[in-house]
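I opened the model to go through its confidence, its strand pairing and its core. My notes follow the order in which I looked things up.

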Amino acid sequence: MSQTYSIACKDCKKALWIAQGSYSVKERGHVYTTQAHSKALFAFFIAHEKHHLIFGVNVEEPIIDYDEIEIDSKYSGDEQ
Ligand SMILES: [Zn+2]
């Protein structure tokens, strides 16, 4: 298991998993950079403009009950 990074909206109770890291203190998290993930992230910012957003490592609390946005189904069109 490695660390996960999510951005979440406290107002809408939605979360987007955008990166994964490791337990090494030297390694930084790997942010997903596919076209689908980029689209999902931009869409998230637009949809939740001026909302209370949180971002963090292993932010299971308080977002464990939030709706996880499915990237593959909604943001297809990845060229890779
Ligand atoms: Zn929101």
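**Confidence by element**

I began with the per-element pLDDT, the predictor's confidence in each residue from 0 to 100. Elements here are DSSP runs numbered from the N terminus: helices are H or I with at least four residues, strands are E with at least two. Over the protein chain the average pLDDT is 79, and 72% of the residues score at least 70. Where pLDDT is low, the predicted coordinates should not be read in detail.

I noted the ground rules. This is a predicted model, in which local features need pLDDT of at least 70 and side-chain atom pairs count only at pLDDT 80 or more, while totals for chains, interfaces and linings use all residues. Residues are numbered from 1 along each chain as its sequence is written.

**Layout and pairing**

I listed three helices and five strands in the protein chain. Their order from the N terminus is β-β-β-α-β-α-β-α.

Next I checked which strands pair, meaning that DSSP finds at least two bridges between them. Strands E1 (4-9) and E2 (14-20) run antiparallel and are joined by six bridges. Thr4 stands opposite Gln20 in E2. The hairpin of E1 and E2 has four residues between the strands, and Lys13 takes a positive phi near 60° there.

E2 also pairs with strand E3 (residues 30-31), antiparallel, over two bridges. His30 is the bridge partner of Gln20 in E3. I then found E2 paired with strand E5 (residues 67-68) in the parallel sense, again over two bridges. In E5, Glu68 stands opposite Ala15.

**Core and contacts**

I looked up burial: a residue is buried if 20 or more other C-beta atoms, placed from the backbone, lie within 10 Å of its own, exposed if 12 or fewer, and partly exposed in between. Of the 80 residues in the protein chain, 12% are buried.

Which residues form the largest nonpolar core? I count nine: Ile7, Ala8, Cys9, Ala15, Leu16, Ile18, Ala40, Phe44 and Ile69. E1, E2 and H1 each give two or more residues to this core. Such a core is a set of buried Ala, Val, Leu, Ile, Met, Phe, Trp, Tyr and Cys residues joined through C-beta atoms within 7 Å.

For contacts I used C-beta atoms, placed from the backbone, within 7 Å. Phe44 is in contact with Ile7 and Leu16, leaving aside its neighbours within four places in sequence. Among contacts in the protein chain between residues at least 6 apart in sequence, 62% join residues at least 24 apart.

Note on methods. Contact = placed C-beta atoms within 7 Å.
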